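Thanks for asking me to look over this model. My notes follow as numbered points, and I hope they are handy when you have the structure open.

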Amino acid sequence: MADFTASLIERDIHSALTFLTDDVVLFYSNGTAICGRDAFASTMQANWKLVDNYNYATLESIWITQSDTSAAVIYSFAWTGRVRGENIGGDGRGTRVFRKEPSGWLIAHEHLSTGQLRPEPNPSSP
């Protein structure tokens, strides 16, 4: 996960693509769905032209399952940047599904959404 994130922060699309399956599917909290490495590359390169000073961090990760062929992790994240001189940013939670390929563990799916990774405790619960 850290190497994929580092590739994105460094805006190294060739490196980032090495961490994705050919048929990767990504769902973003704004409703966008991206299917395939080529579509991901086009989307990221277009975004990089708009956003300066991009920073992204994974804040907490919980591996929820792993087998010989697949694994899944849930995590929280935060990001910041500047678009046309304005500071922007956001945070949320994500899920990544990894698939074991001959070249190693690759991201087959990512799903990002708004909200907290862990629900706030309910003070009225026993």
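1. Ile62 counts as partly exposed, with a relative accessibility of 24%; here buried means under 20% relative accessible area, exposed over 50%, and partly exposed in between, using a 1.4 Å probe and protein chains only. Ile62 sits in strand β3. Strands (E, at least two residues) and helices (H or I, at least four) are DSSP runs numbered from the N terminus.

2. A word on the basis of all this: the model is predicted, local features need pLDDT of at least 70, side-chain atom pairs count only at pLDDT 80 or more, and totals for chains, interfaces and linings use all residues. Residues are numbered from 1 along each chain as its sequence is written, and side-chain values use heavy atoms, with hydrogens and water left out.

3. Which residues does Ile62 touch, not counting residues up to four places away in sequence? They are Ala72, Val73, Ile74, Leu117 and Arg118, where contact means heavy atoms within 4.5 Å. From C-alpha to C-alpha, Ile62 and Ser76 are 9.3 Å apart in space and 14 residues apart in sequence.

4. Gln66 is also found in strand β3, and at 58% relative accessibility Gln66 counts as exposed. Leaving out residues up to four places away in sequence, Gln66 touches Ala71 and Trp105.

5. Now to the rings. A search of the whole structure finds five aromatic pairs; rings of Phe, Tyr and Trp (its six-membered ring) pair if their centres lie within 6.5 Å, and planes under 30 degrees apart count as stacked, over 60 as edge-to-face and the rest as tilted. The rings of Trp63 and Phe98 have centres 5.5 Å apart and planes at 40°, so this pair is tilted. Trp63 lies in strand β3 and Phe98 in strand β5, so the pair ties together parts that are 35 residues apart in sequence. Trp63 is partly exposed at 49% relative accessibility, whereas Phe98 is buried at 8%. One aromatic cluster is formed by Phe4, Phe19 and Phe40.

6. Please have a look at the largest pocket, which holds about 770 Å³ of space. Of its 27 lining residues, Tyr28, Asn47, Tyr54, Trp79 and Leu112 are the closest to the centre. On a 1 Å grid over the protein atoms alone, a pocket is an open set of points where a 1.4 Å probe fits, with protein on both sides within 12 Å along at least five of seven lines, and lining residues have an atom within 4 Å of a point. The volume is the space filled by probe spheres set on the points, which are joined across faces, edges and corners.

7. What supplies the lining of the largest pocket? Elements giving at least two residues each include α1 (2–9), β3 (52–66) and β6 (104–113), while α3 gives the most, with six residues. The lining divides into 16 nonpolar, eight polar and three charged residues; Ala, Val, Leu, Ile, Met, Phe, Trp, Tyr, Cys and Pro count as nonpolar, Asp, Glu, Lys and Arg as charged, and the others, Gly among them, as polar.

8. Finally, the overall picture: the protein chain has three helices and six strands, in the order α-α-β-β-α-β-β-β-β along the sequence. Of its 126 residues, 32% count as buried.
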